[in-house]
Each structure stands twice: as structure tokens, then as C-alpha cells.
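Dear colleague,

Please find the structure below, together with its sequence. My notes on a helix pair and on several salt bridges follow, and I would be grateful if you would read them beside the model.

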Amino acid sequence: MDKRNAILESAVELFGAHGYNQTSMQQIAESVGISKGSLYSFFQSKEDLIISIYEHYQQLVFERAFVVGLDGNLPPMERFAKQFQVQFEGILEYKSYMKMHMRGESTKNSEKLAAMEHRMRGRLFSWLEQNLLDVYGEEIRPYKWDLMWMTQSIYSSYMMLMISQEDTLDPSRLGTHLVRQITLLANDFLSGKSFPQLSDDMMKSFTVSMDKEGAFISFEKREKAWESLYGKIKGMDNSRDYVDIANRISDECRESEPDKLILKGLFRLLKDEADLNMEAEELERQLLPE
């Protein structure tokens, strides 16, 4: 694990156990085994550190759903459920971060933190909107905000329950359950039994595009590399085999300590196919930097 990620993980443990305000940069440095000066060479302030923590872990969870969404071999409903499933799996894996997040302790009155949270919320709603349109078609558009608002509320409630309970819910069953409930709500709107309460004008503050200069720029490169690989595979005759390899790479990357030997072997299988060589090399650069 590189030093920056080691700092993020140690800080998460300390913030989760003691709270943001009660944890000093000196304590974080000592937990990683570096000097306080070295810590500041990675993060200029504790505010920058906690913002990086939020960005890092939220993106790791979100990227799981992003990659699943690229698998065009899955029917839209099944793909939607699996995207929820892998996010819940990430929540369980990063429990320390989620507990820190639930404490609600962070730097107060921070414009940078508020902007970061705005982008993250925007990404969630953009992802939900696309999936609602893929699953239920254009006719769902007038009801999208109500469905997105109710979905994120249900999602958040189950997420908090997963973190606080020792007996964890099953992510696969929960993903299927969530999509089933969304479908019931969607059908109620489409049948005219329910009517939208929210509109584009009312929800303008929740509409946000990716910030090209912002916090997600490094992850955006990774996402583009994933997208390019799956896009190239889609047009191939034996696409199923290569989708399976790409999915296996994604599965391994979800591990807290991915096995680099396994990943290099899987990338070799992709790079041996001349038509995929360039895309596979770019994704390998993004996931396995030297």
C-alpha cells in the first residue's frame, strides 16, 4: 500500500474512534510511522485530509457500480440491482470509513467540504437518473426526482443499518429488494395512482455536472479507461470471454489488498488480443501505477 493510502486508512480509523476534532495531525503521523512534516507534504491541512478521505472512499464505492454498469450483457433491471449490490459490499468493506461518516464530525463551515459533498450528491443523482431511464424508459422522466429522492432515502437507511448491525444484511438480496421497491413506486406513478411532488425547478440545487477541475479528476481517468475497454470489447465476436476477464479484474480491484500478480495475469490475457492491447494497457496504468 502506498504511503498516501496508508495515511487515509489510519486517519479514518482515528476519526472513527475518537472524532475529527479530537484527533490531531500528530496522532495521525505517529499511527503511520512518519513525521508530522512528512504528513503535511501529503495534506496541507486536516481539512484537506478529511476531504480526501471522503473523496477516496466514496469514489471506491461508486466505481464498483460504474464498472458493473458497463456490462452490456446484463439486462437493465438485473444490472441496476447488481450496482446496488456492489455498493453495499463496498459499504461493508469500508465500515471504518462509514462509521466515521455517520459520526457527522468534520471541519465546520468549510466551503471546500460543502462543494465536495455537492459534487458527490450530484453524481449519485446522475447515476440514479440514468438507471431509471434505462430500466423504465423515457416515460419515467416526469417522476424521476420523486423516485431519486425516495431511492436515496431508502438506500441511506439500509446503509446506516448495515453499519450499525453486527448481523449484516446480504448485499445481493438487498440490491434485488431495492430495485423491487423502486419498481413498485415507478409503476404507481406510471399507472396514474401517484403524482410527482418534485420538479426540475425545485431540485435545481441538486443538479451538478462532474467538476473537471475538481476532486474526482484522477478517478475520472480511471473511469474513462474502464469505459474504453468495455466499449472496445462490446464490438468483438468473442466479447463474452473478454467481458468475463474485465469483470474478474473489477472483482479483484474491490479487494482491500488486490493481488497484483492475479491482476497482471488477467491484463496479459487482454493485452494478448491485439484489438484490446491499447485499452488494456491504459487501464493497467490507471489501476497499477508504478
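Arg 141 is partly exposed, with a relative accessibility of 34%; the classes used are buried for under 20% relative accessible area, exposed for over 50%, and partly exposed in between, with a 1.4 Å probe and protein chains only. Its side chain meets that of Glu 138 in a salt bridge, at 2.9 Å from N to O. A salt bridge here is a side-chain nitrogen of Lys or Arg within 4 Å of a carboxyl oxygen of Asp or Glu. Both residues belong to a network of salt bridges that links Glu 129, Glu 138, Arg 141, Lys 144 and Asp 200.

This is a predicted model, in which local features need pLDDT of at least 70 and side-chain atom pairs count only at pLDDT 80 or more, while totals for chains, interfaces and linings use all residues. Residues are numbered from 1 along each chain as its sequence is written, and side-chain values use heavy atoms, with hydrogens and water left out.

The structure holds 13 salt bridges. Another of them joins the side chains of Arg 240 and Asp 244, at 2.9 Å from N to O. These two residues lie four apart in helix H11 (residues 239–253), about one turn of the helix; helices are DSSP runs of H or I with at least four residues, numbered from the N terminus. Arg 240 is partly exposed at 36%, and Asp 244 is likewise partly exposed at 39%. Arg 268 forms a salt bridge with Asp 272, with 3.4 Å between the closest N and O atoms. Arg 268 is partly exposed at 42%, whereas Asp 272 is exposed at 55%.

Turning to the helix pair, the axes of H5 (residues 76–93) and H7 (residues 111–136) come within 8 Å and cross at roughly 150 degrees. Axes are lines fitted to C-alpha atoms, for helices over the stretch in contact, and angles run from 0 to 180 degrees between N-to-C directions. The two helices are therefore roughly antiparallel, a term that applies to angles over 145 degrees. Among the residues making the contact are Phe 80 and Phe 84 of H5 and Trp 127 and Leu 128 of H7, contact meaning heavy atoms within 4.5 Å. Several residues of H5 are buried, including Phe 80, Phe 84, Phe 88 and Ile 91.

With kind regards

Note on methods. Angles under 35 degrees count as roughly parallel, over 145 as roughly antiparallel, 65 to 115 as roughly perpendicular and the rest as oblique.
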